[in-house]
Amino acid sequence: MTEPRLRLRLHFGPGSMFGPGRADLLEAIAAHGSISAAGRQMGMSYRRAWTLVEALNAGFSAPLVDSSRGGAAGGGAKLTAEGLAVLAHYRKLEMTLAEAGAAEIAALQQLACAIPTRK
């Protein structure tokens, strides 16, 4: 049986949420300095990555990603102070929940049936 994993998704209201995929996207943008490179790393189109960034920027009181257009000077993207804070709080909450729930996760794993994989 594989190890269970905890996936945290926060719903703030209709159409406003933050979860592991969006956190991973923010981390990839921070690492690459580019929305398109972050999207490529995650196996998504630039359009999908940009749509998620727009949703992230609209879903918080201040934008999480600051981007500049490409061209001769090149473009780029970086996390704002708010983006860094949101990502740090989310990762800390994931760690806190995993640690606090470790005993319950282990108990549930003992009770779970092995689910066969599809061919």
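**View 1. Arg22 in helix α1 of the predicted model.** Arg22 belongs to helix α1, which spans residues 20-32. The residue is buried but takes part in no salt bridge; Glu54, the nearest side chain of opposite charge, is 11 Å away. Apart from neighbours within four places in sequence, Arg22 has contacts with Met17, Leu52, Ala55 and Leu56.

**View 2. Salt bridge between Asp24 and Arg91.** The N to O distance between the two side chains is 2.6 Å. Asp24 sits in helix α1 and Arg91 in helix α4 (residues 81-100), so that the pair links distant parts of the chain, 67 residues apart. Asp24 is partly exposed, with a relative accessible area of 33%; for Arg91, also partly exposed, the value is 22%.

**View 3. Salt bridge between Glu27 and Arg91.** Here the N to O distance is 3.0 Å. Because Glu27 lies in helix α1 and Arg91 in helix α4, the pair ties together parts that are 64 residues apart in sequence. Glu27 is partly exposed at 35% relative accessible area.

**View 4. Salt bridge between Glu94 and Arg91 within helix α4.** The closest N and O atoms are 2.8 Å apart. Both residues lie in helix α4, separated by 3 residues, or about one turn of the helix. With a relative accessible area of 19%, Glu94 counts as buried, because the cut-off is under 20%.

**View 5. Network of salt bridges.** Asp24, Glu27, Arg91 and Glu94 are linked in this network. The count of salt bridges in the model comes to 3.

Notes:
Residues numbered from 1 in each chain as written. Predicted model: local features only at pLDDT ≥ 70, side-chain atom pairs only at ≥ 80, totals over all residues. Heavy atoms only, no water. Helix = DSSP H or I, 4+ residues; strand = E, 2+ residues; numbered from the N terminus. Buried < 20%, exposed > 50% of the residue type's maximum accessible area, 1.4 Å probe, protein only. Lys, Arg positive; Asp, Glu negative; His and termini not counted. Salt bridge = Lys/Arg side-chain N within 4 Å of Asp/Glu carboxyl O. Contact = heavy atoms within 4.5 Å.
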